[in-house]
Amino acid sequence: MKPAPFIRHVPKTLDEALKILSEVAGQDGRVLAGGQSLVPIMAFRLAKPAHLVDINEVEGLDRITSDGKTLSIGACVRHAAFHKPVVDNPLGALLTFVARHIAHYPIRTRGTFCGSLAHADPSAEWCLVAATLDATMVAQSTRGERSIAAADYFQGIMSTALAEDELLTQVRLPLLAPDAKFGFNEFSRRAGDFAMSAALVTYTVQGGKIAGAHIGVGGAEPSPRRMADAEAALNGQAPGDKAFRAAAEAAASAIDPLEDHQTTGEYRRDLVRAVVRRALENSVS
Amino acid sequence: MTAPAKFVGRSVPRLEDRPLLTGQGRFAADISFPGQWTMRVVRSSAAHGVITSIDASAALALPGVHAVWTAADVAHIPPIPFRLTGLKALEPYRQPVLAKDIVRYVGEPVAVVFAQDQYVAEDAADLVEIGIEQQQALMHATDEPGAYTEDLNTEPSVVRKSYGDIDAAFRNAHAVVAFELSIGRHTGVPMETRGAIARYDQARDILEMHGAAKVPHWNRDALAQMLGRTRDSVQLYEGHVGGGFGIRGEIYPEDVLVCAAALKFKKPIKWIEDRREHLIAANHSRQQQHKVRAAIDAQGHILGIDDEFFHDNGAYMRTHAATVPDLAAAMLPGPYVVPAYRAVGHIRLTNKTPCGTYRAPGRYESTFVRERLLDAIAAKVGVDKVEIRRRNLIGKAAMPYTLGLETLGTHIVYDSGDYAKLLDKALDAADWKNLWLQLLKRRAAGEKVGCGVAMFVEKSGLGPFDTVRVEVKADGAVEVITGVASIGQGVETVVAQICADALGVDYAGIRVIHGQTDRIDKGMGAFASRVTVMCGEATRLAATKLRDKALNHAAQLMQTKADALDIVNGEVVRIGGGASMPLGEVARSLPDGLSAEDTFESAHMVYPYGVHVAAVRVDAETGGVTIERYVMAYDIGKAVNPKLVEGQIAGGLAQGIGGALLEEFLYDEAGEPLSVTFADYLMPTAREVPESTILITEDAPSPLNPLGLKGAGEGGANPVGAVIASAIDDALGRPGAITELPVTPQRLRTILNGAAG
């Protein structure tokens, strides 16, 4: 369980980090933040990066800021930072609720929000949050900075729009309406395991009817995404069992389910149906 | 005269805890010697194939690499011998220490690298190129046996056990219930992985192996034989051991390799298993498929049980040989009157990791089978699952009860028991009637909740002997030296408690030496829940002998008669008061010191028994199962330390739940293992293991030893699969729905869909 040899670089500034990354990107260089996914796969020698650019000592990457419209989460912000609400907005409570489902406490004290997005495991909770809430990823390299919409960012199992020399320096999440409702549910074999399916929902209620629904599903397809059919089934309806069931059914029908040796597509659909309905129930409980 | 028990029966604190909790533990990986080399095993990546080439040149060229071995380098070493239940027919199927010509499972050792440290060793292992011409893998024990060699097939032997007229039982049956049942492949996964550190002392011509566990004396003898040495020139040392569960401490190829290399290179050789290796290289267990049927009369009394099963032993026969299928067949009848019985167990080899024993070996499996039958009989006859068990239980008056079967070289004679009484106690502890009514109400409200009950007989205290020496040192310290081993179960505390009462000293001052082959010549080790029974009684005998010796000698010194003296808190005192003398002073006054040795021999095992009750909630949409209530009642004759017994039972439950709901070694059809990390092989965590109620009873002390002891190591695990299955059936309202362990959400959802469709 010892990794293959590698060189660890420890830049102190962002410019330095980007410069090193640009130099080693072509030689199988990888960014090391919390290391909760990368280090185990290195121990198994499933990944053998020749260079690690350790960004933990880079000044200023551990900040969470809000300008009143968006919440910006820096590259070194740990999962545990969300154990208490980080912003006085339903988004703060949403992130706190979701964070509790991420792995186990020791992992949450080390793993990072942006690292989870860069790793892009299909069932990662933060990836589901980013996809559902239409996050914007900020990628920087020596070539410059660009913003990537969540819908364009996730490109399959552990695959993203990030180029090899780009560092995901920040994720921006839009704040929710002050009266927004949210709900989350996931199913995993054990507490803290990767979800076999997970759902996150947000919406507001206007004149007794649901408006602006976002329904995201993770763990069921190669990447988490919003489920347009399910959202359409929910918008304009009164919150309640009938609408929730219809939305859950729409989501279950819409997915192209991941299958593995234990999990059939049919079972995955069953799970999606269950977690979407439960997330919706969770939003009103 | 023996002093009244001051320590036996009390939950005194563990003597083991101080070093462990203050960071003084010495586990295998903590042991290092100057100048040591690290060994890394290069393992087969193919499930079945012919080795066409091994190229180690790139590995050897790496700086820091000392040597690479293949089968040719260990050609002089025979395959690993059997420790238990070794039938002649099984011998051709023993595992070589390195694969020669053919590989038979993914993870089989093919070569070993010796290097300066673990990093270099792993780098080098990656560079060893093994050419394998793949062959068809045999992955199912129920498939037709395939060729093992030109002359042998993959069914090394068939276990057959029977008594009574089974054909008549079925001929005369009012009804027959039948099942096809399977138990998944899982195993004990100790926190500490395996490890072995060998060192050869040239000056004294002594080969040492550190990191021994479980059965150091047997392993010493076997290693000596395999390496062509005298037994006195091989010594094994047990340090702290982070869990055994049957799988740790058996001789594996790696143990032999470090020893052979230490002899060859005259360097200390260290090997520490990593977790991925552990999950593909250490013994697996449990995997069986049973085709079973029971003949019953109109009231649901069992007339006969007929079982044919297929035991998937993986690629080789390891040290346990036929132990697991033998025990499965021998223990299947359990606590019930079964007038006629027949079991036919096919031992089958497949291209998977080889198997051995795991806590309640053979019984986790056959209890599942038997208790599934009992539930099915209840449904067939239309009585509840408690009543059907009552009707079939062996009565107290029938004890001792000769089953008419043999296992592990002993006749099975249930030594004592009041099974019906324990069932009552367990149901009381579970508040069964109220539980039943509550669940009924919740089911009426649409919830899928249910409860189950399962009963079992365990076995423990396997002989044939244990020898203990007790010494009083010149400073008055008491040392107990035994050939058993500590795998974390509390041996030191329990043995000290028994010694303390017999001798008349404080248990906390007693040092218990175990697992050191250079301290005592013979020893049986720690397995089969044998230690408290066998070593406990040997300790009592030796300590009593020592006490007599001390009193006789002190009587001379104190100019009185021995029967006027007593030993209290380590002092020889006059009964009724007066002068006293510390035991250390008695020891100092004897030219040969103060010590005594005694042996306890036993030709029969002792049979504790238990009842588990569980209530579960099924999530119909996801197939998830939550255990809401769990009660375990276990009669072990006499609990030396109830708290430690509770620990044994609670730990066993966690492992039982693993096998019932979570843990499973899966393979693809080509033989590629799919459960090689803790992300894929799901151990229960604190969140999945419910709070439980543990009821230890002492209603049936064993008549086979004076303290009435029975072992307590395996009753927490034994019936868990059975009782969870029973409870899930109840929650679904479908008796007999569960036929396969573990009950994964996927499988349960399929069952639920089957009901809907």
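Colleague: How far apart do the C-alpha centres of domain 1 of chain A and domain 3 of chain A lie?

Modeller: In this predicted model, those two centres are 35 Å apart. The domain assignment places domain 1 of chain A at 7–54, domain 2 at 64–174 and domain 3 at 181–284.

Colleague: Turning to chain B, how do you know that domain 1 touches domain 3?

Modeller: The 7 Å cut-off again decides: 16 residues of domain 1 of chain B are in contact with 17 residues of domain 3 of chain B. On the domain 1 side, H14(B) gives the most, with 6 residues. By class, this side has 6 nonpolar, 7 polar and 3 charged residues. The C-alpha centres of these two domains are separated by 38 Å.

Colleague: Why is the span of helix H12 of chain B called close to the expected one?

Modeller: The expected span is 1.5 Å times one less than the number of residues. H12(B), residues 432–444, has 13 residues, and its 18 Å from first C-alpha to last is therefore close to the 18 Å expected. After H12(B) comes B:Gly446, with a positive phi near 105 degrees.

Key: Residues are numbered from 1 along each chain as its sequence is written. Chains are lettered from A and ligands numbered from 1 in the order in which they are written. This is a predicted model: local features need pLDDT of at least 70, side-chain atom pairs count only at pLDDT 80 or more; totals for chains, interfaces and linings use all residues. Helices (H or I, at least four residues) and strands (E, at least two) are DSSP runs, numbered from the N terminus. Domain bounds come from an automatic or database domain assignment. Two residues are in contact if their C-beta atoms, placed from the backbone, lie within 7 Å. Ala, Val, Leu, Ile, Met, Phe, Trp, Tyr, Cys and Pro count as nonpolar, Asp, Glu, Lys and Arg as charged, and the others, Gly among them, as polar.
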